[in-house]
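Open the model in your viewer and keep the selection tool ready. We will go stop by stop.

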Amino acid sequence: MTPPFRDRTDAGERLADALVARDVEADVVLAIPRGGLPLGRAIADALEAPLDVVVAKKIGAPGNPEYAIGAVATDGSVWRNEEAIAGTGAGEDYFEREREREAQAAREKAERYRGDRPEPDLTGKRVVVVDDGVATGSTARACLAQVEAAEPARTVLAVPVGPPDSIAELESLADEVVCLETPPSFRGVGQFYERFDQVTDEEAMAYLAR
């Protein structure tokens with residue numbers, strides 16, 4: 001079966017069409033780097049809004065950094081997977097130490113992408129948060145927590161694909177979630193793209209510079 005999206009730009013353009021059809025308006029579009037930036041560029045152009053980033057890093061389990069027991073955004077906003085924390089035996093000391101370390105890494109990444117530009121003020125703004133898809137949605141949850149802490153007028157999460165349970169849970173964290181595909185048989189985001197090459201830092205920053 002042919003994947004529904006050719007590449008991230010195609011997914012972004014189709015997401016943009018869906019947002020326009022729903023009369024979604026934005027004062028700022030925030031892409032989750034790196035994979036969210038090609039989509040964010042297409043959406044920001046369609047909604048005639050500036051593009052910026054919101055960054056979060058996964059908090060990995062002891063001895064298994066790829067298994068997320070949580071995620072943390074640049075301001076320290078955190079999502080905890082309590083079931084995973086208990087199941088991996090990660091104690092509070094470990095979690096807090098990793099939270100601080102990953103929050104610093106997220107801040108450094110955001111600063112590198114923004115360069116001299118200041119962080120956008122989201123208070124009272126209509127914000128669209130974009131990624132190239134969600135699996136567990138760990139980083140998206142931390143990013144939405146950071147956005148909500150800034151007291152925006154409205155927050156919309158826009159992703160092309162995600163499993164039904166993750167999308168349902170994310171709907172409680174944003175005013176609206178726009179997701180084009182919610183397949184029950186979900187192995188990973190990449191299976192829904194014909195091309196899912198890794199986005200380099202240079203490519204990601206080029207989307208921001210336009």
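## Stop 1

The labels H and E stand for helices (H or I, at least four residues) and strands (E, at least two), which are DSSP runs numbered from the N terminus. This is a predicted model, where local features need pLDDT of at least 70 and side-chain atom pairs count only at pLDDT 80 or more, while totals for chains, interfaces and linings use all residues. Residues are numbered from 1 along each chain as its sequence is written, and side-chain values use heavy atoms, with hydrogens and water left out.

Now show E4 and E5. They run antiparallel and are joined by 3 bridges. Two strands count as paired if DSSP finds at least two bridges between them. Select Lys57 and you can find its bridge partner in E4, Val72.

Together these strands make an open sheet of 3 strands, in the order E3-E4-E5, with antiparallel pairing. E3 and E5 (78-80) are the edge strands, each pairing on one side only. From one strand to the next, the twist averages 45 degrees. Angles here run from 0 to 180 degrees between N-to-C directions, and axes are lines fitted to C-alpha atoms, for helices over the stretch in contact.

Look at the turns next. Between E3 and E4 the hairpin has 2 residues, and Gly63 in the turn has a positive phi of about 75 degrees. Between E4 and E5 the hairpin has 4 residues, and Gly76 in the turn has a positive phi of about 95 degrees.

Which strands does H4 lie across? Show H4: it lies across E3, E4 and E5, running at about 150 degrees to E3. Then show H5. H5 packs on the sheet and touches E3, E4 and E5, and its direction makes about 15 degrees with that of E4. Contact means heavy atoms within 4.5 Å.

## Stop 2: the five-stranded sheet

Select E2, E1, E6, E7 and E8. In that order, these 5 strands form an open sheet with parallel pairing. The edge strands are E2 (51-53) and E8 (176-181), each pairing on one side only. Here the twist averages 25 degrees from one strand to the next.

Zoom in on E1 (residues 28-31) and E6 (residues 126-130). They pair in the parallel sense over 4 bridges. Pick Val29: its bridge partner in E6 is Val128.

## Stop 3: two helices crossing

Two packed helices are described by the angle between their axes and the distance between the axes. Select H1 (residues 8-21) and H2 (residues 36-47). Their axes come within 7 Å and cross at roughly 35 degrees. On the H1 side, the contact includes Leu15, Ala16 and Leu19; on the H2 side, it includes Leu39, Ala42 and Ile43. By class, this contact has 11 nonpolar, 2 polar and 2 charged residues. Ala, Val, Leu, Ile, Met, Phe, Trp, Tyr, Cys and Pro count as nonpolar, Asp, Glu, Lys and Arg as charged, and the others, Gly among them, as polar.

## Stop 4

Most residues other than glycine have a negative phi, and most peptide bonds are trans. Select Asp23, in the loop between H1 and E1. Asp23 is not a glycine, yet it has a positive phi of about 60 degrees. Move to Arg34, in the loop between E1 and H2. A cis peptide bond joins Pro33 and Arg34, with omega about 5 degrees.

## Stop 5: the lining of the largest pocket

Which elements each supply at least two residues of the lining of the largest pocket? Show E3 (56-61), E4 (64-73), H4 (92-114), H5 (138-149) and H6 (164-170): each of them does. The lining residues divide into 13 nonpolar, 10 polar and 12 charged.
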